[in-house]
Every structure is written in structure tokens, then in C-alpha cells.
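Keep the sequence and the 3D view open as you read.

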Amino acid sequence: MAALPSIKSDPVELKRLSELRRALLDGINMCGEVAFSIANSTLRKTILALEQQSSQYLNEINFQIEKLGGKANDIGFQQNLALNFVEEKQKPIHNLEKQALKACRKIESSVIQLYSKMLHEQFENDSLKKLIQYQMNGIMRTTLQLKLLLKFLHNQ
């Protein structure tokens, strides 16, 4: 595999992207902790969609880090999915709605704060700013869907 052509590296952008990568990975892991233990298929699918979306965004962030000359490292969605499936029966989770809401809030607070912080900074690369805005909107939309679903299930 050929190395990506490196563009002028901005240490602040690289640091922020690395922080964002870590927050996305934490969110992926948190989603995985609860997804397969949830009996409600709609809730489970929504959490898995958030996990998959976060994994895709993680891959995109890794690509940007590599472009800036940094080192990419991640656990892809399929690897994480396999790990979660193996751990499914080992970790029964009690009060799943609260765990799902906790996962949602964790992703929302840490990841969206980092996205927002990055959008308020100057970027050398306009396409990176567009990517950050796109990802932030996607995460906000999916976490809102999850919260609305949890509220609906709670009121039933």
C-alpha cells in the first residue's frame, strides 16, 4: 500500500483530530457494550447504527490524520462488532435504557464538543472543515434519534 501524500502538517489540527479519534473510539466501545444485550430490536438497531456511523467517521478521521503525516490506528466496525458479539453473553447489562442513554450522552458530550471546538478554529484545509461539520451533523442526528426512541420506549 502506497503512503499517502502528506500535506503541510498543522500540529493543532493533528492534536484535535487525534482527540476526536479517541472520543469516537470511546463512543464505539460504549455502544458495543450495550447493543447486543438489548431485547428491543429497534433500539438495538439504532445503537448499532450509531456505532457503525462512528466507525465510518473514525476511518475518515484516520485518513485525515495520515494525510497530515500522523499515524492512524483504530479498531474497525467489523472488528469491534466481532468483539462485542463474543462478549455479549459474558456481560449482562442491567437497566439497559439507562446504559443506552449514558452511551448516547457520552458520545454527544465528548464528540460533539470536540467537533464544535474544531469548527471554531482556523483551518488550512477547507475540505477538513466541511468533513468535521458533516460528521458533527450526522452524530447529532443519530444521537437525537436514539434519545427520542428511548423517550418513546420509556413512555410506553
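A salt bridge here is a side-chain nitrogen of Lys or Arg within 4 Å of a carboxyl oxygen of Asp or Glu. By that rule, this structure has 5 salt bridges. The model is predicted.

**A pair inside helix H1**
- Glu-19 and Lys-15 form a salt bridge, with 3.8 Å from N to O.
- Both residues sit in helix H1, which covers residues 11-35.
- They are 4 residues apart, about one turn of the helix.
- Glu-19 is partly exposed, because its relative accessible area is 26%, between the 20% and 50% cut-offs.
- Lys-15 is also partly exposed, with a relative accessibility of 49%.

- Arg-16 makes a salt bridge with Glu-121, and their closest N and O atoms are 2.7 Å apart.
- Arg-16 belongs to helix H1, while Glu-121 lies in the loop between helix H4 (96-119) and helix H5 (126-155), so this pair ties together parts 105 residues apart in sequence.
- Is Arg-16 buried or exposed? Arg-16 is buried, because its relative accessible area is 14%, and buried means under 20%.
- Glu-121 is partly exposed, at 21% relative accessible area.

**A network**
- Which residues are linked in a network of salt bridges? They are Lys-15, Arg-16, Glu-19 and Glu-121.
- Two of the links have been described above: Glu-19 with Lys-15, and Arg-16 with Glu-121.

**A pair inside helix H5**
- The side chains of Lys-130 and Asp-126 meet in a salt bridge, at 3.6 Å from N to O.
- Both lie in helix H5, 4 residues apart, which is about one turn of the helix.
- Lys-130 counts as exposed, because its relative accessible area is 56%, and exposed means over 50%.
- Asp-126 is partly exposed, with 48% relative accessibility.

**How H1 packs against H2**
- Helix H2 spans residues 41-67, and its axis comes within 9 Å of the axis of H1.
- The two axes cross at roughly 155°.
- H1 is therefore roughly antiparallel to H2, because angles over 145 degrees count that way.
- The crossing of these two helices, H1 and H2, is left-handed.
- What kinds of residues make up the contact of H1 with H2? The contact has 16 nonpolar, 6 polar and 3 charged residues.

Notes: Residues are numbered from 1 along each chain as its sequence is written. This is a predicted model: local features need pLDDT of at least 70, side-chain atom pairs count only at pLDDT 80 or more; totals for chains, interfaces and linings use all residues. Side-chain values use heavy atoms; hydrogens and water are left out. Buried means under 20% relative accessible area, exposed over 50%, partly exposed in between (1.4 Å probe, protein chains only). Axes are lines fitted to C-alpha atoms, for helices over the stretch in contact, and angles run from 0 to 180 degrees between N-to-C directions. Angles under 35 degrees count as roughly parallel, over 145 as roughly antiparallel, 65 to 115 as roughly perpendicular and the rest as oblique. A crossing is left-handed if the near helix is turned anticlockwise from the far one by less than a right angle, and right-handed if clockwise. Ala, Val, Leu, Ile, Met, Phe, Trp, Tyr, Cys and Pro count as nonpolar, Asp, Glu, Lys and Arg as charged, and the others, Gly among them, as polar.
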